Amino acid sequence: MEIRDDTIGVYVHIPYCISKCPYCNFSSAAISSPPEKRYSDCVIKELSFYLETEGLNGRRLETVYIGGGTPSIFSPEEIGRVISSIKGRFIPLGNDIEVTLEVNPDTVDLKKLAAYARGGVTRLSIGAQSFSDVELESIGRTHSARRALDAFHEAREAGSRNIGVDLIFGLPGQREKDWESSVRKAIGLRPEHISVYGLTIEEGTPFFSAFKGRAGLPSEEAEAAMYERAIYLLQEAGYIHYEISNFALPGKTSVHNSRYWADKDYLGLGASAHSYISRPGWGRRWWNAPDPREYMRAIENAGTARVGEEKLRREEAMTEAMMLGLRRLDKGIEGRAFKERFGSLPKESFKRWEALHKDGLLNGPNDDIVLTPKGVLLSNEVFLKMAEGCL
Amino acid sequence: MTDQSLIRNFSIIAHIDHGKSTLSDRLLEYTGTISKREMVDQFLDKMELERERGITIKAQTARLSYKADDGKTYTLNLIDTPGHVDFSYEVSRSLSACEGAILIVDASQGVEAQTVAHLYTAVDVGLEIFPVLNKIDLPQADPERIKKEIEDVLGLDASDAVLASAKEGLGIKDVLEAIVKRVPPPAGDNSKPLKALVFDSWYDTYQGVVVQIRVFDGRVRKGTKIKFMATGKTFDVDNVGVFSPGPKEVEELGVGDVGFVIAGIKEVRDTNVGDTITGAENPTEAPLPGYKAAKSMVFSGLYPVDSAQYENLKEAVIKLRLNDSSFTFEPETSLALGFGFRCGFLGLFHMEIIQERLEREYGLELITTAPTVIYRVTKTDKTVVLVDNPTNLPPPQYIEMIEEPYIQATLHLPSEYLGAVLGLCESKRGIQKEIKYLSTSRVMVVYEIPLNEIVLDFYDKLKTMTKGYASMDYEYLDFRESDLIKLDILINGEAVDALSLIVPRERAFMRGKDLAEKMKEIIPRQMFEVIIQAAIGSKVIARETIKALRKNVTAKCYGGDITRKRKLLEKQKEGKKRMKQVGRVELPQEAFLAVLKVS
């Protein structure tokens with residue numbers, strides 16, 4: 001009999017921001033005083049709905065992640081209420097499970113950060129994005145570099161021993177040396193976790209029309225160089241490159257985010273949140289209405305705001321296992337787990353693997369398949385070729 | 001058998017979009033041949049492709065019953081003709097089955113190239129022709145001007161032209177009365193040996209080949225032993241019938257009748273359009289005039305994108321050939337593309353139709369190589385070879401002479417575009433034969449041009465530079481000697497045979513340069529550098545480099561991104577199915593047709 005993983009991670013989406021960044025396509029609305037209480041009530045009500053309808057009672061809770069938007073726009077009381085509701089409905093895997101809160105530097109101070117910690121937050125993810133004021137302004141962030149540094153120190157002072165810092169490269173007008181300086185400043189803070197994201201120009205954002213044809217943005221060559229430079233500097237400083245965009249000090253990887261890449265169950269609460277249940281079959285995913293008002297109305301009326309759902313077919317599940325597995329640079333597509341699920345090893349299932357290996361894009365230690373450093377830079381091409389040769 | 005004096009066999013001829021199908025629809029409707037409920041637009045165009053593109057590929061017939069003002073009920077056989085220059089021979093055979101033709105002219109646009117071409121064909125086969133001015137409901141309609149144009153340009157009496165709007169249902173009765181009064185009844189003798197014209201045939205899964213005929217002498221019925229005079233093959237007739245408009249068996253087809261014959265025939269090839277059917281035991285003395293075997297003029301290679309689909313492609317071309325005797329194919333092997341077929345077509349349009357049908361009706365993904373004409377090569381040892389694939393051109397030292405086919409192109413255009421069009425014809429190695437003003441604003445131009453130039457991009461260019469107002473028709477002339485050489489395209493140092501082409505020597509350099517540039521635009525960047533070269537023999541004349549992809553990374557892939565990313569990947573994977581791997585390089589289908597896109 002299959003031994004079923006009975007853990008779960010819970011994601012809570014807070015779709016409000018103090019201002020909308022011009023590159024962001026996440027579900028969020030700029031608003032000065034969001035309906036905190038009503039929204040939190042909805043999240044808690046939604047949780048009850050899924051506990052019953054999805055049979056999640058008795059699941060062991062491994063992680064909670066509160067993202068956005070800007071969740072730190074919500075008061076510590078509301079955040080604390082949401083966290084304790086979630087913990088109360090499952091069986092926490094321990095007293096100090098990972099509970100992450102995404103934080104915008106402009107929305108916090110020492111007192112508030114301490115209160116979040118008392119409310120159950122054990123990990124902070126600070127959206128610094130850059131340590132250059134010019135760059136911050138060019139991407140419509142309201143905070144300064146100074147404020148981001150201060151927020152970090154305040155978080156430490158408030159007792160946080162697990163902090164992530166987010167940076168973006170490929171910004172308008174950004175030079176390689178500007179980027180290196182931001183990376184060095186981040187490293188200087190010694191956060192437990194650093195994420196580096198290449199700026200993606202998403203359709204439907206103000207940046208999409210502003211940077212048509214990529215004019216005004218760093219060249220592909222410069223972008224590649226920035227990415228490579230960050231990888232080098234971070235690894236040199238002791239950070240492990242464990243996912244395409246994520247680096248952590250040993251033992252400090254994001255447990256919650258790792259669940260997404262490892263075919264583990266997660267329940268998404270709040271507007272636009274996605275949920276995934278891996279068994280039975282090849283997995284099932286559903287998602288909520290993206291508009292916060294629509295979301296709340298639906299929850300209040302029906303207990304759920306689900307607007308879409310997909311049952312994965314075998315080939316889709318395999319494609320995801322490949323694409324997500326390869327993103328995990330420390331693990332790759334794990335041969336044994338893959339075979340257990342699909343009946344054959346990844347090297348047998350993806351007929352292009354050998355050619356990609358010869359081209360220096362993939363490595364195959366034991367039964368696993370991992371991206372090489374060259375493969376990381378061309379990962380989308382590798383995914384596509386792997387998907388093409390999927391048996 | 002129908003009373004001969006009450007039969008009228010007629011066709012409708014028109015330039016594309018002048019309203020032939022709509023008028024046919026109205027005639028079917030008015031005579032109650034089909035009810036309004038059954039009516040769909042373009043009723044006689046049965047193929048999905050025909051309806052979608054608003055064209056007629058296969059000839060269709062319909063028997064209409066019409067009670068005329070003189071109190072008698074007539075049998076009117078409408079023979080719908082294909083509407084494209086590629087099928088001009090089929091058109092001429094369909095027209096031969098008639099005694100008369102309605103010439104539709106758009107009451108605002110006037111006479112166009114196909115109007116002229118079809119009219120001449122109709123005159124050639126001796127039809128009684130009367131004009132109908134269509135679309136008279138349009139505000140731009142100017143019947144008096146168009147009547148004059150018909151008289152001036154076509155030399156046809158237009159004084160009693162019927163005014164109609166097929167779309168609005170105006171003048172339909174007038175058209176029917178004109179058919180009865182002006183189209184002569186068929187001549188011919190029922191007691192003579194059978195003599196019937198084959199003007200179309202197709203393969204039906206249940207019945208085998210269905211042959212459309214027009215009886216000129218004698219009669220044919222179930223049990224008649226018939227003989228196809230050109231092929232000499234004989235068959236026993238299983239049944240005969242008419243389309244009204246659905247197939248309906250009848251006892252006998254006699255003089256003047258238009259209908260179908262089913263005779264256990266397995267292959268369309270045995271029933272060539274234009275052939276004469278006669279009685280096997282009591283044959284007629286001479287066949288009907290005008291038969292010629294269909295001849296392919298344009299060739300291209302068809303290859304499955306996925307080599308594993310070769311057998312499916314083979315099955316598909318064999319099936320398609322059952323239905324289209326003018327389409328030819330033979331197996332061919334390309335170093336770059338693997339196993340495929342070199343296919344022959346009547347023209348570019350025919351080629352497009354065949355490709356589309358193969359992909360659509362047989363679910364194939366195909367790579368098509370650039371179309372080429374057939375070259376006649378005289379070697380130094382005086383032997384003559386026909387080359388329908390540039391890669392097979394013998395090395396220059398063995399060639400004494402190359403000849404290529406020429407056509408005569410007749411163009412009709414508004415005079416403001418004359419300069420541009422003359423420039424185009426000159427740049428395509430055209431030889432001017434005639435310029436004639438049809439009116440102050442319209443001009444007719446006749447050129448002799450190598451077919452190869454037409455096959456490339458002539459038609460597209462013509463349409464663009466005249467904003468679609470020019471029309472063109474052409475006929476084949478002969479083979480003429482030209483100074484031609486082979487141009488090769490190399491990708492990462494390897495010549496790709498499927499990309500070779502034959503070009504005039506004096507243009508080889510420019511063509512090579514343009515082509516290499518175009519290929520650079522078309523071929524997507526790959527994970528390694530791609531070098532494109534154009535070469536004549538061992539001499540490289542152009543070079544382009546496609547830089548290697550440096551970075552293609554998705555930054556974020558968390559819970560809410562996964563479905564979207566996977567779907568994107570699936571979509572890209574679908575797109576890649578249209579790519580052919582040549583060596584390590586992935587080439588999109590357009591790369592093989594790049595030569596059509598260069599200026």
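Rings of Phe, Tyr and Trp (for Trp, its six-membered ring) count as a pair if their centres lie within 6.5 Å. The close-ups below are taken from a predicted model.

**View 1. A ring cluster with members from chains A and B.** Ring pairs join Y242(A), Y260(A), W261(A), Y266(A) and Y276(A) with Y558(B) in one cluster. Over all chains, a search of the whole structure finds 28 aromatic pairs.

**View 2. The stacked pair of Y310(B) and F341(B).** The ring centres of Y310(B) and F341(B) are 5.3 Å apart, and the pair is stacked because the planes meet at 5°, under the limit of 30 degrees. Y310(B) belongs to helix α7 (residues 310-323) of chain B and F341(B) to strand β19 (residues 338-345) of chain B, so the pair ties together parts that are 31 residues apart in sequence. Y310(B) and F341(B) are both buried.

**View 3. The edge-to-face pair of F329(B) and F341(B).** Here the distance from centre to centre is 5.6 Å, with 90° between the planes. F329(B) lies in strand β18 (residues 328-334) of chain B and F341(B) in strand β19 of chain B, so this pair connects parts that are twelve residues apart in sequence. F329(B) is partly exposed, with a relative accessible area of 25%, whereas F341(B) is buried, with a relative accessible area of 2%.

**View 4. An arginine over a tryptophan ring in chain A.** R306(A) lies over the face of W286(A), at 4.7 Å from the ring centre.

**View 5. An arginine over a phenylalanine ring in chain B.** R584(B) is placed over the face of F528(B), and the distance to the ring centre is 4.1 Å.

Note on methods:
Residues are numbered from 1 along each chain as its sequence is written. Chains are lettered from A and ligands numbered from 1 in the order in which they are written. This is a predicted model: local features need pLDDT of at least 70, side-chain atom pairs count only at pLDDT 80 or more; totals for chains, interfaces and linings use all residues. Side-chain values use heavy atoms; hydrogens and water are left out. Rings of Phe, Tyr and Trp (its six-membered ring) pair if their centres lie within 6.5 Å; planes under 30 degrees apart count as stacked, over 60 as edge-to-face and the rest as tilted. Helices (H or I, at least four residues) and strands (E, at least two) are DSSP runs, numbered from the N terminus. Buried means under 20% relative accessible area, exposed over 50%, partly exposed in between (1.4 Å probe, protein chains only). A charge sits over a ring if NZ of Lys or CZ of Arg is within 6 Å of the ring centre and within 35 degrees of the ring normal.
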